[in-house]
Structure formats: structure tokens, C-alpha cells
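Here is a friendly walk through one structure, taking in its helices and its sheet. Please keep the model open as you read.

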Amino acid sequence: MLRLHDHRTGQAMDVPPNALHVHVHAGRERALVTADLLRRVAERTRRRAVLSRAENVRPGTGFAELNLPDMPVVAPEDVPGHAVWVGSEDVPGRRCLIVPQEDRPWAGPAGSAGSAGSAGSAGSAGSAGSAGSAGSAGSAGSAGSAGSAGSAGSAGSAGDDPLRVRLAILRERYRDPAAPDGGRVAEAGLDLARWRAAVADWARHPGRPMDRAYAAEGQAALTDDLDSPAALAVLDRLAEDPGVAPGAKVETVIHLDLILGLDLVADIGRG
């Protein structure tokens, strides 16, 4: 059952099992990524989901750079009454997901991330304390650990990957305050490169069915108020688990990444 936080009552509320319209009425990249995550979770739970946005809502880069579908502009009076409104402001009489407003875009032109001094600045992607920090996908023992498929040198052009912004956003709960942070975006770029290298390495092994326990745990986190940090933590533990065959890891990652939208299979078959 899909459950979403009701900011008015402070309780998690069940979402009825019917078609879902998600409308982004205010905000920036976080609101758009949150709306897309909700769409993907709804579709995984066998609902038809439709996205729309207000005319003034758009990402700092193109929609494709955040792995977002095109979202048609819909006037407020034309949004269906059953819609979930996603944004930084409450809309009286409507079901809303409140996503705190960023004070600046996460992504700037030409693939940079944030404004001056953020992840787009020279040399930030390789700065100290980035992908190896505690709890990230590149932490000790995870997909990016020393000696794994994603060891040092595999990151390549991680700082140019626009999906690093999506991952940085998903590492925080959508309703928690978060400002664009160059260090987190740079770390996410390295994490993506290392994850993809690990998945590509696992894909060279014989195929196996996905691990249903990890898949169910990750999906349960996402249906529980879009808890993307918990779902990413499931992937970290999956990577570290020697009891899961590499082929099963690949299938489990694919299953969860269809919701997360991080293109973690991008390096399969390369090199």
C-alpha cells in the first residue's frame, strides 16, 4: 500500500488504489524529482499515473538531464480534484506533498551543478571527503570500496553526469530541508560511476533471479512515504552481501532502479 505524509495531521495516509494525477505547483528540482518518484512508485503498485506542472515550474537544466518525462503545463483550475499537489507551498483543500524550496538551482548550464562554489566549480568532483564518506554508495565495503568493481579510477567523467543531481536529491527525504550542496552533488557523481562499474562487473557473471528479500525491502521503503534514502541503503547492503550471487544483484538493482531512475545499468557491455 502506498502511503504519503499528510503535513496537516503529521500522519501517513494511505493513497487509494486508483489512477493518480501528480501536479507540481511550486518549487525546483526537488519538487520535480519527488513528483517523478511518486509517479514511478504508483506505477509499480499498478496505478496509472499522470504528471503535470505549473507554467513557472521547471528544472535548471532540461527535463531529460534529471531523467524526468515531459510534464505538460496545466492551469490550477484544470487540475483534477483527486490530484496530489507537490511543491513548496500548501494549497488549501488539496492533498499536498510539501517539498522545502531550494534557494538556488541544483544544476546550472553546461552540465554544472549549482552556482559558484558548488559542485560545478573546478576540481570539486575529486575533492577530499566526497564519495568515500560514511553511508554513501562509495563507503567502505560498498559498491565503490577499494578493490571492488568501482575502485578508484572508474569514476571517469562523474562530474559531468547530470543524474548526479537526481541522486543527491534522492539521498534526502523529500520533506526534510535541503539546500543545493556542491559536496553532495560531487559525491553523488562519484557514487554513480562506482555503482555503474559494479553493476557492469556483476553482469559478466551468470544470470540469476533477483533477490526477492532485498527487492521487497527496497520497494517497501519507497511505498512508505517515498523513503528514497532507505531504498538506497538497501542497495548498499545488497552490494556488500557475499551471499547474493552477482547475477542476482544485477536483477535486483534493475528492479529498484526502474523506480529510482538513476540508470545504474548504463555501463553494462562497455569496455
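## Terms and model

Axes here are lines fitted to C-alpha atoms, for helices over the stretch in contact, and angles run from 0 to 180 degrees between N-to-C directions. Helices (H or I, at least four residues) and strands (E, at least two) are DSSP runs, numbered from the N terminus.

The model is predicted: local features need pLDDT of at least 70, side-chain atom pairs count only at pLDDT 80 or more, and totals for chains, interfaces and linings use all residues.

## Two crossing helices

Helix H2 (residues 163–170) and helix H3 (residues 182–202) have axes that come within 8 Å and cross at roughly 105°. That makes H2 roughly perpendicular to H3 (65 to 115 degrees).

Where they meet (contact means heavy atoms within 4.5 Å), H2 brings Leu163, Arg164, Val165, Leu167 and Ala168, and H3 brings residues including Arg184, Val185, Asp191 and Arg196.

## The sheet and its helix

Four strands form an open sheet, with parallel pairing, in the order S4-S3-S5-S6. Strands count as paired if DSSP finds at least two bridges between them. Strand S4 (49–53) and strand S6 (95–98) are at the edges with a single partner strand each, so one side of each has no neighbour in the sheet. On average, neighbouring strands are turned by 25° against each other, direction ignored.

Strand S3 (residues 20–24) pairs with S4 over five bridges in the parallel sense, and His23 has Ser52 in S4 as its bridge partner. Helix H1 (residues 29–44) lies across S3, S4, strand S5 (84–87) and S6, running at about 175° to S3.

Conventions: Residues are numbered from 1 along each chain as its sequence is written. Side-chain values use heavy atoms; hydrogens and water are left out. Angles under 35 degrees count as roughly parallel, over 145 as roughly antiparallel, 65 to 115 as roughly perpendicular and the rest as oblique.
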